[in-house]
Amino acid sequence: MTAVHLHHGRSTLALHLVRDGDGPTLLLLHGLGEHTPAEPPAAAHAWPGPVWGLDFTGHGESTIPGGGGYTAEMLLGDADAALGHLGSATVLGRGLGAYIALLLSGARAAQVAGAVLVDGPGINGGGSGPTGAALARPATDQAGAPDPFALLELARDVRPPDYAMTFVHLALAGSPAADPITVAAMARPDWLVAVRAAPGVVEADAAPALEALAAMHSSG
Amino acid sequence: MPPTDFASAPTDPAFPGAVRPHRRRTIDAHGVAVSMVEWGDESSPPVVFAHGGFDFAETFNVFAPLLAARGWRVVSWDHRGHGHSEWATLYSVEADLRDAMAVLDHVGPAPVPMVGHSKGGAISLHLADAAPHRIRSLVNLDGIPSRSSLPDIAEHERTRMLASEISGWLDHRRSVSNKARRPGTVAELAERRGRMNPRLSPEWLRYLVQVGGREDADGWRWRIDPTLRMGGFGPWRPEWTILRVPALGMPFLAVLGTETEVMGWGTRPADVARHLPPQGRMAVIDGVGHFLHIEAPHAMADLIADFLGAPR
């Protein structure tokens with residue numbers, strides 16, 4: 001598996017070419033505590049084009065920063081660095097990566113040719129509002145990936161449904177895909193309940209959703 | 001990447017009443033080098049000051065010595081990415097809270113009085129909520145965000161505004177990897193900052209450049225991390241912060257100025273008044289803007305010293 005190294009602020013990010021191909025680009029965003037897989041996930045086996053995977057800050061082969069400070073918005077910046085390198089992509093996000101895929105599909109609507117949200121670690125986040133424990137430290141300062149600060153902070157980041165919906169509206173208004181957002185996850189945290197209920201968001205299994213998005217590319 | 005050469009100035013710049021910190025040391029806040037400062041006698045009881053966003057601890061150089069002269073040991077720190085503290089990879093409110101707690105841990109286990117301005121006020125408020133056993137009394141200087149500070153706009157316009165904020169922020173993030181601050185003369189940096197701080201005197205702003213900047217071969221630069229940017233977006237709502245106020249159990253003093261300005265938080269006295277806990281007080285200072293302790297250091301020192309009581 002080859003990788004390119006991208007810079008986002010002081011992070012150096014590993015963007016892996018999981019499998020090369022001829023056709024539209026698929027970008028994999030892993031779940032909390034995970035890293036880019038060595039092979040495309042089953043749902044993406046039939047994807048015709050290149051399959052890339054990004055290691056978020058604090059994960060895989062990307063930078064492990066000191067002292068934490070993780071937010072979903074900073075990981076959105078990580079994903080945007082990958083999108084900037086790839087030009088445009090269909091995004092398949094697992095867990096935390098599903099939430100980031102949603103943010104990216106709204107923030108860069110014209111460059112994201114569909115986001116497919118599947119189950120994975122970190123899909124819940126920290127709920128819809130502030131939690132009681134604003135002051136938390138990881139149980140260990142042990143260095144290495146995944147960063148204990150990432151595991152702690154990105155398991156508790158707040159995800160208000162109306163905030164998630166802002167990105168849904170942006171994606172629906174600006175995406176080139178017929179179905180800009182597909183919910184394939186079974187988990188239903190509040191943010192995802194709201195996303196699923198939005199007119200224009202579809203629910204489907206990941207494999208047929210990706211097939212349809214790939215077909216959209218080949219039909220022009 | 002901490003700019004640690006703070007002792008490099010050949011002669012200390014001068015401003016009437018300003019005293020640079022008597023002590024400066026670096027502590028390790030879970031992997032980030034945080035610079036702490038102190039004014040006053042080392043054996044005096046501590047009071048902890050928290051500066052605002054895009055400021056640094058030495059913006060207290062006039063205000064802090066006035067409390068030190070009343071028998072307090074004033075402890076402050078440069079937030080991560082600010083002043084002499086390390087330029088971090090990541091920034092968040094939660095990280096700032098953890099850094100602040102590392103400072104309190106260094107001061108000692110006994111609860112301390114805390115004074116926070118602007119973003120430092122919000123940090124102190126969250127800290128007092130999360131660790132009430134560590135903060136004995138709390139002073140907030142225009143550091144309570146309120147919903148009324150947001151423009152009242154229709155939902156579709158809010159979406160459009162957010163879209164430009166988001167793409168603007170992401171464009172900034174794509175450009176920051178090798179970013180450096182623009183160099184200039186002391187007067188130029190003072191003039192630039194003056195646009196954001198129009199109520200502060202040119203003499204004070206020129207002084208600030210010399211204690212908050214560094215001089216390289218091509219000119220002066222502010223020490224603040226060049227990747228930091230005003231604005232931004234996120235899921236946090238201002239009402240979640242102001243709702244920490246009625247929850248406070250320690251003596252609490254909120255201070256607001258009557259003059260609204262660009263860096264101000266636009267929080268109205270009525271917003272704060274209806275959130276005050278039973279033991280809370282509010283003081284509204286006529287003719288003063290967001291930087292209360294810089295515009296009116298003596299009045300603020302009197303007010304806060306009176307609120308805190310005798311040093312103990």
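The legends below describe close-up views of a predicted two-chain model.

The model is predicted: local features need pLDDT of at least 70, side-chain atom pairs count only at pLDDT 80 or more, and totals for chains, interfaces and linings use all residues. Residues are numbered from 1 along each chain as its sequence is written, and chains are lettered from A and ligands numbered from 1 in the order in which they are written.

**View 1. Chain A overall.** Chain A holds six helices and eight strands. Helices (H or I, at least four residues) and strands (E, at least two) are DSSP runs, numbered from the N terminus. Read from the N terminus, the order of elements is β-β-β-β-α-β-α-β-α-α-β-α-β-α. The radius of gyration of chain A is 16 Å, close to the 17 Å that the globule rule gives for 220 residues, so chain A is as compact as a globular protein of that length. That radius is taken over C-alpha atoms, and the globule rule is 2.2 Å times the number of residues to the power 0.38. Along the principal axes, the C-alpha atoms of chain A fill a box of roughly 50 × 40 × 25 Å.

**View 2. The open sheet of chain A.** Eight strands of chain A form an open sheet in the order 1-2-4-3-5-6-7-8, with mixed pairing. Its edge strands are strand 1 (2–8) and strand 8 (202–203), each pairing on one side only. Two strands pair if DSSP finds at least two bridges between them. Strands of a sheet pair through backbone hydrogen bonds, either parallel or antiparallel. Strand 5 (residues 89–94) and strand 6 (residues 112–118) of chain A are parallel, over five bridges. A:Ala89 has A:Val112 of strand 6 as its bridge partner.

**View 3. The hairpin of strands 1 and 2 in chain A.** Strand 1 and strand 2 (residues 11–19) of chain A pair in the antiparallel sense over seven bridges. A:His7 is bridged to A:Thr12 in strand 2. Two residues lie between these strands of the hairpin, and A:Gly9 in the turn has a positive phi of about 55°.

**View 4. Helices 4 and 5 of chain A.** Helix 4 (residues 161–174) and helix 5 (residues 190–197) of chain A pack at about 40°, with axes 8 Å apart. Axes are lines fitted to C-alpha atoms, for helices over the stretch in contact, and angles run from 0 to 180 degrees between N-to-C directions. The two helices of chain A are therefore oblique to each other; angles under 35 degrees count as roughly parallel, over 145 as roughly antiparallel, 65 to 115 as roughly perpendicular and the rest as oblique. In helix 4, A:Pro161, A:Ala164, A:Met165 and A:Val168 meet A:Asp190, A:Trp191, A:Ala194 and A:Val195 of helix 5. This contact has seven nonpolar, no polar and one charged residues. Ala, Val, Leu, Ile, Met, Phe, Trp, Tyr, Cys and Pro count as nonpolar, Asp, Glu, Lys and Arg as charged, and the others, Gly among them, as polar.

**View 5. The side of chain B that touches chain A.** Here 33 residues of chain B are in contact with 35 residues of chain A. Contact means C-beta atoms, placed from the backbone, within 7 Å. Helix 2 (93–107), helix 3 (119–130) and helix 4 (155–175) of chain B are the elements giving two or more residues to this side. Helix 4 of chain B gives the most, with eight residues. By class, this side of chain B has 18 nonpolar, ten polar and five charged residues.
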